Amino acid sequence: MLSTISEEEETQEALVEPLLFPNNSNKISETNPNTPEAQQHIADESSWPQATTANSVSVEMSSTNIAGSPSPGAGASFGRRLTDIRFCPPFIQGVLFRLLAFKTMADVLPFPFNHVVTNGKMAVPAYLGVNFALILLWLPFWLLSFLLTELGIYLIGVGTIFLVGRSIIRFIAFPGASKKMMLDMEREFSKYALRMLVAAAESSRETASCLLQACSANPNQSAKDMLPAYWKRTETYRNRVLAVFTETLMVLYQEHSAESFQMSEGDLTKYGNNRLSGDIGNLSTITPEARASGRELMQHLQQLLHSLNDFEGVVKTFTQKGGIFADGVSTAKKLIEQSTNLLAFCESLRRAGSEELGGDNDNDDEEDPVETVRRQMEEGNKSTLDAVRSGLSSLQTMLDPHPHPSVFCMDFQRGCVLSRFRGSRQKWVRRPSGGMIDVLHFPAKGVNNNSRAVLYCNPNAGLVEVATGLNMVGGNVPASEADPSAPKDTWTDFYTEQGFDVYLFNYAGYGRSNGPGVCSSSVSEDVGKSCMARFCRIFNSFFLAFKPRPDTLRSDGIAVAEHILDSGAVDQLFIHGESIGGMAASGVAKHLTNKPSTRSKVSLLVCDRTFCNLEAIAQRLVGEWTGNAIRALTLYSWSTDVAGDFLKSQCPKVVAQDAADAIIADDASLKSGVALWKEVHRGAASTAHIAWMKEVPLRYRMADFENGSVDDAKYVAFGSRSFSQPPMWPTDKHVSLEEAAHFAACCKRIGKTATAMKRTLSLSDDEDQSGPNDHLLIQVWKYLATCDGLVGAPLGTSVKRGFDASTAWLCSTLVFGGQAVVASAESRLGGLPPGQAVVIDPVDFDQTPPSDKAGASEGFMHPSPIPAVATFLEQALEGGDSHITALAHEIKYVAATLRYVQARLSAASIVQQSLAERRLGGLNENSVGSFLHLHCGHNNAFSNDEK
């Protein structure tokens, strides 16, 4: 029986072994026991009895007695059955097979974790390695604990938080100084430059093909007719793209060519572009591969330019004689070949740049929709590890940007900008505290030794290389003037056409401009790509390199302005600052106009869509807490008081603001800051904290909570109720902060009640046929919400934004609204003779153009003039409506305040003051300046009327 059982078990072992060990099923050769594998197996079998336990030996002895004869192999086989899965019952084997079939976390781990978990020999070294790494990270802090006390550790933590917070604030305040943003600009220009090259090459190839069709054995008449138009387009590409790119590359690589730089007229090249002058750059911020490809591109462009020059003579011959010689055909074929080569090279540049930038697709607009969906699905199927890698890569790129992988960098773009304006050149201006400022000078059209100049201070993310646009259009060279349809919407185009020289500059820390930092902050691949090199660059960027601050922006502007005035030719200087450039411009104007030697030379200050102070705008964008946070993290060393510098500038000045600006909130703008200082602060000595967000008074919060009248909160003692009496003209020359806040609370109460009524009537079943919008209270709020503030948004928009916005609306109307009323009066009178006083009529408060009134629809309501709104509110109070009676105090107060605004802006003294400020006559200190109401948003160009 024992031998029979052994045979069955051996058979079962033979069946189970391939399932458990498929790779070992053919390990032993049963037919040839003399093989080395079989001998080794026999040796292993012979050693099993000695390796068994005591229980196995006792079982072996029992089996010997039962069989009646020694059976040495039986004990060994039975010992194996106790420890080998192949000798388990089929049920247990099935359970084990099913358990082994389940996937565990180890099966789905990526490499190398999968290899470590599934390989026991690797698990122990990996475990030891991880613990060793943790010990290395912990060891410096453990050693540091012997040197520092617990308080010192806390101070280090607080210091780290302070430095990180300061870096974040600086990055948000001055994003243009970020190398990442500069690389993004270079990337966009690279795409544009490649598109222009492709268009130029395709145009050259089409023109040459058209000529061959016109001169073939069977000439195409349409080709003959289209050839002049084709050549005109190709000639424009040659002069404005290919020639500019070639000349810029030759200057950057310092390979001057007599043919390419031959002067045709004065300071123009043979292609009609400006001759590059000054320090254009040296391509130090791009990769070595990009420099090599740039040199190869220059060779392609030189060959194509030479062929186009030859082809120009062929076209002229064909136009004059109606045919060409054999060499003309070869010239056309050569042009086609070189154009095709340039197209292929541009495609290689695009692919190389796309790979270096992490797979950025430059042809997103031309990508097949199916491919787009497939790519998005592949990106969506990325594992968590891929997402982590992508996030770390983005963080690394932000902290340590890679060098630009294309020759179309800022140096190249700088050359393209200078080539478009005749006589323009690059200059370096030394900073008083150390460092150099990169300046571009654009002379006025057709004026030598100009006495009028404009100093333009860039917005936050602006660089001089992009101040004239990321394109090849515009400028005042002959090729640009020959195309009247080319857009010229930049300030450089506008001012040069008006006869002003324009000076653009980069603040220190922006672009190539630098300060007295310990190390250079420019992006360069010469530092290396190792981990230590990256750490050194990041450390240098955060702690050693120069960082811009509000005072450095002002000092840079002052240095450039003094350089302009020291030249001796300029005696009329316009200072134009856009966005954060308004802070630099107002600082420059204040500095120059308070010096007797330069006061008369500043002709105008323009603060274009700028803020009152940085803290006020941060509070609207992030939160009220940011005001004190910025001051604390900057150690109260940042002075961003634009309103103070603007008011102290003793020159004609302009405040340009759009009430719908998405970046700079209307109640945090320079317009609101000046109005609040002039009105509710009564011209206080300090402009600090002007336009900061203020907490709503408790009495109005409680009245809103109780849903009662703003003049009767039950749980708050009002004390003196002088604020509840509306201002009266001419008794009250100014509106107090309490009166402005009460006006805001009354407007909010009316709007809240009317909105709730409209919602209730809209949901009611017993609504009358007239509809909910015809209710008197709703009509009151409709008129009040559309009340025109003359210099800003309608009143309803300000009420929706809160108390600060409503207060700023009222103050801005009182301070700057008179200028709009005077302008309407002048337009109504058809001009004003000298010495004649202006008499204001109520119709002058209506700012709606007649053309808009004629095209108004029934569902659209234009801004309502202040007198009309006040009249409607007064008539509503006389109607006896119960809902109006419940809001009698609020409606009376608002109507009386609007009447005060009308009376004050119509007074003769205010009219004369508004007329002088509108005509830029306010030269004294603390003049509010002329107001320009914009409708172009924050980043768009002015309309022609606004310019």
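A salt bridge here is a side-chain nitrogen of Lys or Arg within 4 Å of a carboxyl oxygen of Asp or Glu. The model is predicted, so local features need pLDDT of at least 70, side-chain atom pairs count only at pLDDT 80 or more, and totals for chains, interfaces and linings use all residues. Residues are numbered from 1 along each chain as its sequence is written, and side-chain values use heavy atoms, with hydrogens and water left out.

Q: What makes Asp438 and Arg414 a salt bridge?
A: Their side chains come to 3.6 Å, N to O, and the limit is 4 Å. Asp438 belongs to strand 4 (residues 436-442) and Arg414 to helix 16 (residues 410-419), so the pair ties together parts 24 residues apart in sequence. Helices (H or I, at least four residues) and strands (E, at least two) are DSSP runs, numbered from the N terminus.

Q: Why is Asp645 called buried?
A: Buried means under 20% relative accessible area, exposed over 50%, and partly exposed in between (1.4 Å probe, protein chains only). Asp645 has 9%, so the label is buried. Its salt-bridge partner, at 3.1 Å N to O, is Arg554. Asp645 in helix 24 (residues 642-647) and Arg554 in helix 20 (residues 550-566) are 91 residues apart. Arg554 has 11% relative accessibility and therefore also counts as buried.

Q: Why is the ring pair of Phe189 and Phe412 called tilted?
A: Rings of Phe, Tyr and Trp (its six-membered ring) pair if their centres lie within 6.5 Å; planes under 30 degrees apart count as stacked, over 60 as edge-to-face and the rest as tilted. The centres of Phe189 and Phe412 are 6.2 Å apart and their planes are at 50°, so the pair is tilted. Phe189 lies in helix 10 and Phe412 in helix 16, 223 residues apart in sequence.

Q: What makes Trp491 and Tyr495 a stacked pair?
A: With centres 5.6 Å apart and planes at 25°, the rings of Trp491 and Tyr495 are stacked. Both residues lie in helix 18 (residues 491-497), four residues apart, or about one helical turn. An α-helix has 3.6 residues a turn, so residues three or four places apart point the same way. Ring pairs link Trp491, Phe494, Tyr495, Phe500, Phe574 and Phe942 into a cluster.

Q: How do you know that the length of helix 12 agrees with its residue count?
A: The expected span is 1.5 Å times one less than the number of residues. Helix 12 (residues 288-321) has 34 residues and should span 50 Å; its end C-alpha atoms are 50 Å apart, which agrees. Just after helix 12, Gly322 takes a positive phi of about 75°.

Q: What makes strand 7 and strand 8 a pair?
A: Two strands pair if DSSP finds at least two bridges between them. Strand 7 and strand 8 (residues 602-608) are joined by six bridges and run parallel. Glu578 stands opposite Asp608 in strand 8. Strand 7 (residues 572-578) has six of its seven residues buried.
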